[in-house]
Structures are given as C-alpha cells and as structure tokens.
Amino acid sequence: MSKTWRPATQLVHGGTLRSQYGETSEAIFLTQGFVYETSEAAEARFKGETDGFIYARYGSPTNDMFEKRMCMLEGAEDARATASGMAAVSAAILCQVKAGDHIVAARALFGSCRWVVETLAPKYGVECTLVDGRDLANWEKAVRPNTKVFFLESPTNPTLEVIDIAGVAKLADQIGAKLVVDNVFATPLFQKPLELGAHVVVYSATKHIDGQGRCLGGVVLSSKEWIDENLHDYFRHTGPAMSPFNAWTLLKGVETLPLRVKQQTESARRLADFLAEQPQVERVIYPGRKDHPQADIIAKQMSGGSTLVAFELKGGKDAAFALQNALEITRISNNLGDAKSLITHPATTTHKNLTDEARAELGISAGTVRFSAGIEDSEDLIEDFARALKGVKA
C-alpha cells in the first residue's frame, strides 16, 4: 500500500485483505475464535512468537482492515476499533491513568465525555479539572505535578468552539502529559491532531465514518508504543471490542467519506450564511465563517469547515421547537454526521444533564440549535429552513 495515496484512494483500498477466493468487497470474518494446526502453533501464537489472531475480542481480520485503513487516513502507527465512540473515549483516557493522577479537560465536551472525566474518573481516585479550553493560559494554570492527561474536542459539541491543539500539545509535552483529542466534528479529512502534536486521537465512527445511521463504532489511534504500553492490555481484558460485522459496515462507510463530507460541508456553509441573515436568528457559529471567534486558529489547523452549524434563535426553547417541528427534510435526532440532515436542541437532549450554570458557561442557551448537514440538495435544505422559519417569531 502506498503511503503517498490521497485520502479518497486510501479510504477505498487501504489495509485490504483478501482470502483465497479473491473477493472484491472485504470479507466479514464472523468468528469468535481461531484454530491452530498444532498445539505448538497455538503456544507460539499465545507467546507472540508468530503473527495471527487468537480471539475476536483481541482482534479479527475484518477489524484489522478497518484499523489499518483509519491509520492510513489519520497518519497513525496503530489503532484499536471499539464498540462505540464512548468506548473509545473511555479506553483512551482510563487506560493511562491510576489513582492519584490528574486530568485537565476542556469544559466544552459532549455530555458523556464530560461524565467520564468529571464523574467516573474521580470514583477511582483520578482528579479532574475542567477549564475554558480556548485560552492556553487556563491549561497552564490547571497543571499539577500529577497531571497525566489533557483531553479536548475541537470543534466542540455543540457550539463549535475551536481549541489551539498545537498549543495544548506543546504544553503537554513540557509537563510529560498526553493529549487526547476527540476529532469527530472536524473529521479526519479536515484536521490532523497527530500532525499538530496530539498523542492520541479518538472518533465515534458512528458519526461521519459510518455516516448512514447503521451501526455504532469507535476507534483510538496513536503511536504503536503508546498503544502497546497503555491500551493493549486494557483493551484485551476489559472487552470494548468492535463487532466484525460493524467493522465491515464501517469499511463500506469510509469508502464514501470524502464524497459525503464534501457535500455536507458545502450545505452547512451555505445554510450558515443563510441563517446569519435571518431576523429570527441571534447568532450563527460555523468554522468556515470569518466571524467565527477562533477564525485565526481555524486557519492554522483546519483545512475545511464543518458539516455542522450551531445557531441561536431569539425566541428561546419555544422558537427552537417550532423550527424543528416545522422542518420537512431535516429530521429531529441527537445523532450527527449522517447522510440525512439532522437537528437537535442540546439543552433538552445531548446536554440536558448539565446544570443551567454549566450550559451557560458553554454558551448553550434555550435557543441554541445544532444542525448536522446531510447529502441532500443544498437548495432544498435552505428552502425547507426558509419555510419553517416563517412560523418562528423574530
């Protein structure tokens, strides 16, 4: 496999294995275990003296293809595919900390991600400090002698804030910590955290990578050394493994990732510009617009905008519900990155478990709405919003 292939080619051919039958599409190896020709061969496999698969919880040929393809796209040495995005986040963080350690995380996180660092980790003696990740000084102030992990997502969910990944990575290197980046909203096509200095990248493959609402999945990518020293045993013994069937589904999904993301990003950009002109809309946040609060950082670390748009309606929750209920093409769902356009009200769905104060800190108001562009015609989406907004008070 050529390392010089561009993403669209990598995502069709990267990591492909073929059986003796020479199948065109990747095979699904739906097996729990593997057999050995001799007892000596089994012993050698378990000792690590010979290559091969042992048990599907550790890995399988189908999962291996998906992991290798994601490594090519991300520029990572190694990866582990997990059962869901949250399995990937939990594994990436918990595999490298112990009681007495300290995590610094950006406060703008998906609700379940925030629960892992703010609620779950402290139950096992791992302290956590949440910071406004947009200011590098906040990361530096939060550092303690026992700080081992930095964690952030950029752009953030749902308000699309952007964090200086290279700046945070540099600080992590200075203190001997590891930076974990949730790169879902940027997709691996528009942002390369490892190239920016991050040590670990995680994805919910459920989102853009599948992109068609079919299955759950996640992936953790890093150096082979980090995975061998931190994730390998955690993964083997706690069992967050991806199903081979889901790995096969995701392999089919990544083949069309560039095509889908291109159309989704174009629609998101056009809808963001349209919404910015509407009297019912208080503000629009989109990484491709010049008025984005972190436009200078976006120019440095992202090669494209986003498939998502965040905007705030002047009429609060009533206006948000009225808009969502009136849309005909865009469906109400807390998912994102799908071929179908989706919309959600974070205050009552993805971030409802946060306190009012915590939501206010993140810029999530009663009128905040998150839109995920699908692959429909951009003009149809804009016309659908224009019609639906007529029933929303300015």
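**Entry 1: helix 11 and helix 15**

I began with helix 11 and helix 15 (residues 378–389), which in this predicted model pack at an angle of about 30°, with their axes 9 Å apart. I noted both values, since two packed helices are described by the angle between their axes and the distance between the axes. The crossing of helix 11 and helix 15 is right-handed. I then listed who makes the contact: from helix 11 I found Gln 263, Glu 266, Ser 267, Arg 270, Leu 271, Phe 274 and Leu 275, and from helix 15 I found Ser 378, Glu 379, Leu 381, Ile 382, Phe 385, Ala 386 and Leu 389. Sorted by class, this contact holds eight nonpolar, three polar and three charged residues.

**Entry 2: the nonpolar cores**

Next I asked which residues of the largest nonpolar core touch the most other members. Of its 33 residues, these are Phe 66, Met 70, Tyr 203, Ile 209 and Leu 221. Several elements give two or more residues to this core, among them strand 1 (78–82), strand 6 (200–204), strand 7 (218–222), helix 10 (244–255) and helix 11 (257–276). The largest share, five residues, comes from helix 3.

Leu 271 and Phe 385 were already in my notes, as part of the contact of helix 11 with helix 15.

I followed the open sheet across its seven strands, which come in the order 1-7-6-5-4-2-3 with mixed pairing. Why is one side of strand 1 and of strand 3 (127–131) left without a neighbour in the sheet? Both stand at the edges and each has a single partner strand, so one side of each has no neighbour there. On average, neighbouring strands of this sheet are turned by 20° against each other, direction ignored.

Within the sheet I checked strand 4 (residues 147–153) and strand 5 (residues 178–182), which pair in the parallel sense over five bridges; Leu 152 has Val 181 in strand 5 as its bridge partner. Helix 7 (residues 165–175) packs on the sheet and touches strand 4 and strand 5, and its direction makes about 170° with that of strand 4. Helix 5 (residues 111–123) lies across strand 2 (102–106), strand 3, strand 4 and strand 5, and runs at about 140° to strand 3.

**Entry 3: strand 12**

I then turned to strand 12 (residues 368–372) and asked how many of its residues are buried. Five of its five residues are buried. Thr 368, Arg 370 and Ser 372 point one way from the strand, while Val 369 and Phe 371 point the other way. Strand 9 (residues 308–313) runs antiparallel to strand 12 and is joined to it by five bridges, and strand 11 (residues 342–344), also antiparallel to strand 12, is joined to it by three.

**Entry 4: Thr 16**

Last, I looked up Thr 16, which is found in the loop between helix 1 (7–13) and helix 2 (39–47). Is Thr 16 buried or exposed? Thr 16 has a relative accessible area of 18%, and is therefore buried, as the cut-off for buried is under 20%. Thr 16 and Gln 96 are 80 residues apart in sequence and 31 Å apart in space, C-alpha to C-alpha.

Note on methods: Residues numbered from 1 in each chain as written. Predicted model: local features only at pLDDT ≥ 70, side-chain atom pairs only at ≥ 80, totals over all residues. Heavy atoms only, no water. Buried < 20%, exposed > 50% of the residue type's maximum accessible area, 1.4 Å probe, protein only. Helix = DSSP H or I, 4+ residues; strand = E, 2+ residues; numbered from the N terminus. Pairing = 2+ DSSP bridges. Core = buried A, V, L, I, M, F, W, Y, C linked by side-chain atoms within 4.5 Å. Axes fitted to C-alpha atoms, helices over the stretch in contact; angles between N-to-C directions. Left-handed = near helix turned anticlockwise from the far one by under 90°. Contact = heavy atoms within 4.5 Å. Nonpolar A, V, L, I, M, F, W, Y, C, P; charged D, E, K, R; others polar.
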